[in-house]
There are 2 protein chains.
Amino acid sequence: MADERLAVGVDIGGTLIKLGIVHASGALRVLTETSTSIDRPQEAAVAEIARAVARLAQGHDVQAVGIGCAGLVDAVHGIVHLSPNLPRWHDARLAEWAARELALPVAVLNDANAFTLAEAHAGAGRGCSPVVGITLGTGVGGAIVEAGRLRGGRHGFGGEIGHVSIEMDGPPCPCGNRGCLELYVGRRALVAAYLAHAGWSPGGSAYDLARGDRAALDPRLLYEAANRGDPAAREVFTRAGIVLGVALANVTNLIDPEVIVIGGGVALAGDMLLEPARRTLAERAMLGASRVPAVLPAALGVGAGVIGAALYALRGPDG
Amino acid sequence: MADERLAVGVDIGGTLIKLGIVHASGALRVLTETSTSIDRPQEAAVAEIARAVARLAQGHDVQAVGIGCAGLVDAVHGIVHLSPNLPRWHDARLAEWAARELALPVAVLNDANAFTLAEAHAGAGRGCSPVVGITLGTGVGGAIVEAGRLRGGRHGFGGEIGHVSIEMDGPPCPCGNRGCLELYVGRRALVAAYLAHAGWSPGGSAYDLARGDRAALDPRLLYEAANRGDPAAREVFTRAGIVLGVALANVTNLIDPEVIVIGGGVALAGDMLLEPARRTLAERAMLGASRVPAVLPAALGVGAGVIGAALYALRGPDG
């Protein structure tokens, strides 16, 4: 019998909280959003999230709630240890507090885990195993799903592809390591690489697109500049793609995935980023070019985090 | 009811083939060895291995045979594609040929997979999950065992820790990648690092231990030299340990293992190698020092490959 249960998925981002009602198949029924109250005490913020969930769930037969959140999340105990999106949260017992408010089972997981679970079950990785998911944004996250289940290792903290070092003597990373992938392909790295390469002055397409506002410079705008023929912007994505490919070869040699799904804001550059990554992967992986994993853009768009959180809540850690 | 079955395990090395009778618990009942006929056609060599297995199995109620072999091994189809120990073997259908000769089920797997399976079930990783195993020798191999099962990915070729790049622009590796771990901590790298550092002349302890025979210089001898106070030999292991620790941090950030078991000839250096590796791991892994995996020397000695191959044959890929 088909699983017809529904769950609410919640995706806590830096500026917005997305909420949706998700069917056990991964189909997204409703998607809404609300602003994040990052400057409120954590218990008050949780109460607010719970109210938004309750409003959305009204009239639907919801079985569970899943909440995805960036940062160091202990999915086993439902605790958000640290999150860049919620700087006032420390060791927040999110699952417990939210379950008390909602009188529903609540599961909590890392946002890259939610993304990968969604893409593996209902997106670009559907029918494949293992699936490696990578989110390229300000931070670079990732996760591994095998036979439909997250493979997070002992504490569930595995899959941190953004913090695989590809230059052991490279620049220091805030995580304590050196030469981490995130330092080369994260949002800040791309913007810095562009400015180092092209400078910042009227007549450069990125400058004009941003109307001279340096703070507006982001991967989406660089992608637009590249499409308008700005060679420095194109070079930024080519170079980032090559470095991404080095990390994908490492992941492939360790995990031998069937597919690698790339999402997040930086991935909007599509093949401008992914083609050099695929070429580098094929050159460097031990497996011949015919056996390396497919490197695919994410298929579920902005709802992936909501879908993955809901699926995790419905299926459980062994799901 | 306890599993009381027996299997023969075979470990095809570069100069010797080890064979043993192994209980389903991982206990090694008998261990023998025979020389490798690497210069014979592959089918003749297989027939010879089969005869040695049959001799050993006589009088024991053996249920299955497992064969471990270095190189690119397709465990699903029982094929040895390429093996450094068996240069005349290409796409050898080892499982099929041996099963025909022996009239027993035969399983074939990569030697580092066999090592890791043995250490996870009956050695240093017993009771832990995930277990990452690393074999440090001429080649550097590895595997991942989670909940008792090999996690080799789509084709079973995962776990290749020796070919994780830690310097994306580092020296080229025969595997096609650059800056692979094997280039820094494999047997050849250690010998080359020693010679570059200390030179090769009478009065240096490694020179004297090797009686001036440069070809005799190997990690075991370097370890003896280090123990006699040769500072260059000690420095070689410290530096290799640091680089190993960089790779262990990458593996930890991706896999979050409970324990990492290190075996192979280079690992005979013990804490002289493992202490700098542990320190570097604790400094670099995202998890705090209290949560990083234990880094342990292998516990099963030279029989690990035999034990792991036999366990794989008894338990199957899902074992």
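How many residues does the contact take from chain B and from chain A? In this predicted model, 46 residues of chain B and 46 residues of chain A take part in the contact.

The size of an interface is often given as the accessible area lost when the parts come together. Here, chain B and chain A bury about 4,000 Å² between them, with 53% of that area on carbon and sulfur atoms. Of the area that chain B buries against chain A, 21% is supplied by B:Met168, B:Leu254 and B:Arg284, more than by any other three residues.

The elements that give two or more residues to the side of chain B that touches chain A are strand S9 (140-146), helix H8 (231-255) and helix H9 (271-284) of chain B. H8(B) gives the most to this side, with nine residues.

The table lists the residues on the side of chain B that touches chain A by class.

| Class | Count on the side of chain B |
|---|---|
| Nonpolar | 19 residues |
| Polar | 14 residues |

One of the salt bridges joins B:Arg151 to A:Glu146, whose closest N and O atoms are 3.7 Å apart.

A separate detail concerns strand S2 (residues 16-23) of chain B, where B:Leu16 is placed. B:Leu16 counts as partly exposed because its relative accessibility is 32%. B:Leu16 and B:Glu33 lie 17 residues apart in sequence, and their C-alpha atoms are 6.5 Å apart in space.

Definitions and conventions. Residues numbered from 1 in each chain as written. Chains lettered and ligands numbered in written order. Predicted model: local features only at pLDDT ≥ 70, side-chain atom pairs only at ≥ 80, totals over all residues. Heavy atoms only, no water. Contact = heavy atoms within 4.5 Å. Buried area = accessible area lost by both parts, 1.4 Å probe. Salt bridge = Lys/Arg side-chain N within 4 Å of Asp/Glu carboxyl O. Helix = DSSP H or I, 4+ residues; strand = E, 2+ residues; numbered from the N terminus. Nonpolar A, V, L, I, M, F, W, Y, C, P; charged D, E, K, R; others polar. Buried < 20%, exposed > 50% of the residue type's maximum accessible area, 1.4 Å probe, protein only.
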